[in-house]
Each structure stands twice: as C-alpha cells, then as structure tokens.
Amino acid sequence: MEILLVTGNPHKLLEIRSILSEFRINVRVARVRKLEVQSEDIAEISRTAALHAARELGTTVVVEDAGLFIEALNGFPGPYSAYVFRTIGNEGIIRLMRGVKNRKAKFVSAVAYAHPDGRVNVFRGIAKGIISEAPRGRGGFGFDPIFIPIEGDGRTYAEMTFEEKNKISHRGKAFRVLAKWLTEQGGSG
C-alpha cells in the first residue's frame with residue numbers, strides 16, 4: 001500500500017515513513033504547493049489543504065498539520081506553531097512561560113486523507129504534557145526540546161530516540177489511526 005503525502009518538512013516525512021512502515025504503507029511525497037489557510041482549527045487547516053491538493057493532482061493525498069497548545073497562554077501558539085517557532089523559537093516560548101506555574105500543554109496532530117471528489121477523512125492524535133523550564137535534548141525538531149509528554153518518563157521529545165517519540169507522539173497516534181483505517185478499507189479509503 002502507498003500514500004501520497006503533501007509536505008515540505010523533511011523531519012515530518014522521516015517520522016511519518018517510520019510510523020507507517022509498521023503497517024507496510026509506503027510514503028511518496030507529492031510535488032504540489034501546500035495551501036496554507038488561516039484557521040484556529042488544526043483539522044480545518046489539514047482538511048482544506050488536503051482537498052485542494054487532491055483536486056490539483058487528481059488523486060488521493062494525505063496532509064498533516066500539527067500545533068502546540070499551551071494552556072496558560074490560552075492555546076497559543078496552536079495553529080500558528082510553525083510561524084511562532086520560526087520567529088521566537090523555543091527560547092521565546094520559555095520567556096513567555098517565565099514564572100508561570102501552569103505549564104500544561106498538548107500537541108495536536110490532524111491528518112487529512114482527501115479524494116479529488118471532495119471526500120475527506122480527518123484523523124487526530126493528541127499528546128498531553130508540560131512545557132519544560134529550559135530546552136533539553138538534541139533530537140526531534142521544532143518545539144520538541146521544550147515538550148515533556150505525560151506518557152513519557154520525564155524526558156522531552158528531543159531527549160527521546162526517534163522510535164520512543166514515535167510511539168507516544170501526537171503524529172504517531174494520528175497516523176496509526178489513519179493506517180488502521182486504510183487497512184480496514186483495503187487501501188481504497
């Protein structure tokens with residue numbers, strides 16, 4: 001089985017290929033520009049981008065969007081996580097959280113599987129955790145050095161091996177739901 005993934009992020013691609021290899025699903029990258037809509041809803045962002053790409057390419061595609069939602073910051077950066085990471089990075093988030101006792105956060109992933117005829121299925125994955133006091137670790141990417149998942153052992157995503165992170169991550173959860181659904185559908189979705 002094979003899916004066509006719309007992404008320009010090589011780190012995401014490696015994670016997704018690893019996760020889906022468990023299900024013997026190969027991942028090819030679509031050569032199409034990803035439509036980036038503004039929305040407060042991660043699922044809506046991935047749904048719209050996937051539908052646009054599916055219609056553009058004339059075939060089924062997969063798009064994943066994710067965000068870090070910090071409780072004390074009213075869900076910020078949420079759907080703006082990539083932009084916020086590029087502009088203020090991990091150190092900026094740590095500065096915003098200085099002196100804040102409530103460090104609860106969650107990563108949310110929304111994986112959209114879209115057909116050119118307009119059918120779209122969205123699969124979600126959530127990883128709850130807390131924001132660390134300082135960046136820790138060298139692995140992963142983005143906000144991984146400041147996110148300590150509840151399901152883990154006190155390490156940030158960036159302190160975990162690639163395989164450890166994929167087992168409990170928001171992205172791993174969402175793509176496993178997609179893979180199980182595809183397997184049940186016989187690959188036709």
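**Entry 1: helix α6**

I began with α6 and listed its buried residues: His170, Arg171, Gly172, Ala174, Phe175, Arg176, Leu178, Ala179, Trp181 and Leu182. Buried means under 20% relative accessible area, exposed means over 50%, and partly exposed is in between (1.4 Å probe, protein chains only). Helices (H or I, at least four residues) and strands (E, at least two) are DSSP runs, numbered from the N terminus.

A note on the source: this is a predicted model, where local features need pLDDT of at least 70, side-chain atom pairs count only at pLDDT 80 or more, and totals for chains, interfaces and linings use all residues. Residues are numbered from 1 along each chain as its sequence is written, and side-chain values use heavy atoms, with hydrogens and water left out.

What do the buried residues of α6 pack against? I found β1 (2–6), α1, β3 (61–70), β5 (104–114), β6 and α5 (162–168). Contact here means heavy atoms within 4.5 Å.

Next I checked the length of α6. Its 16 residues should span 22 Å at 1.5 Å a residue, and its end C-alpha atoms are 23 Å apart, so the two agree. The expected span is 1.5 Å times one less than the number of residues. Just after α6, I noted that Gly186 takes a positive phi of about 75°.

**Entry 2: α1 against α6**

Two packed helices are described by the angle between their axes and the distance between the axes. For α1 (residues 10–21) and α6 (residues 170–185), I read an angle of about 45° and axes 10 Å apart. That makes α1 oblique to α6. Axes are lines fitted to C-alpha atoms, for helices over the stretch in contact, and angles run from 0 to 180 degrees between N-to-C directions. Under 35 degrees counts as roughly parallel, over 145 as roughly antiparallel, 65 to 115 as roughly perpendicular, and the rest as oblique.

Which residues make the contact? From α1 I listed Lys12, Glu15, Ile16, Ile19 and Leu20. From α6 I listed Arg171, Gly172, Phe175, Arg176 and Ala179. The residues of this contact divide into five nonpolar, one polar and four charged. Ala, Val, Leu, Ile, Met, Phe, Trp, Tyr, Cys and Pro count as nonpolar, Asp, Glu, Lys and Arg as charged, and the others, Gly among them, as polar.

I then looked at Ile16, which sits in α1. Is Ile16 buried or exposed? Its relative accessible area is 1%, so Ile16 is buried. Beyond its neighbours within four places in sequence, Ile16 is in contact with Leu5, Val27, Arg171 and Phe175. Ile16 and Val27 are eleven residues apart in sequence, and their C-alpha atoms are 7.9 Å apart.

**Entry 3: helix α2**

I turned to α2 (residues 42–57). It has 16 residues and reaches 23 Å from its first C-alpha to its last, close to the 22 Å expected. Its buried residues are Ile42, Ala43, Ile45, Ser46, Ala49, Ala50, Leu51, Ala53 and Ala54. What covers them includes β1, β3, β4 (77–78), β5 and β6.

**Entry 4: the loop between β6 and β7**

I looked up two residues in this loop. Ser132 lies between β6 (120–131) and β7 (147–149). Ser132 is buried, at 2% relative accessible area. Leaving out residues up to four places away in sequence, Ser132 touches Ile94, Arg103, Pro145, Ile146, Ile148 and Thr156.

Ile146 is in the loop between β6 and β7 too. Ile146 is buried, with a relative accessible area of 0%. Among the residues that Ile146 touches are Asn90, Ile93, Ser132 and Thr156.

**Entry 5: backbone and loops**

I found a cis peptide bond joining Phe76 and Pro77, with omega about 0°. Pro77 lies in strand β4.

Where is Arg24? Arg24 lies in the loop between α1 and β2 (26–29). Its phi is near 60°, a positive value in a residue other than glycine. Arg24 is exposed, at 73% relative accessible area.

Asn74 is in the loop between β3 and β4. Its phi is near 55°, again positive in a residue other than glycine. Asn74 counts as exposed, at 75% relative accessibility.

Last, I checked Thr161, in the loop between β7 and α5. Thr161 counts as partly exposed, at 39%.
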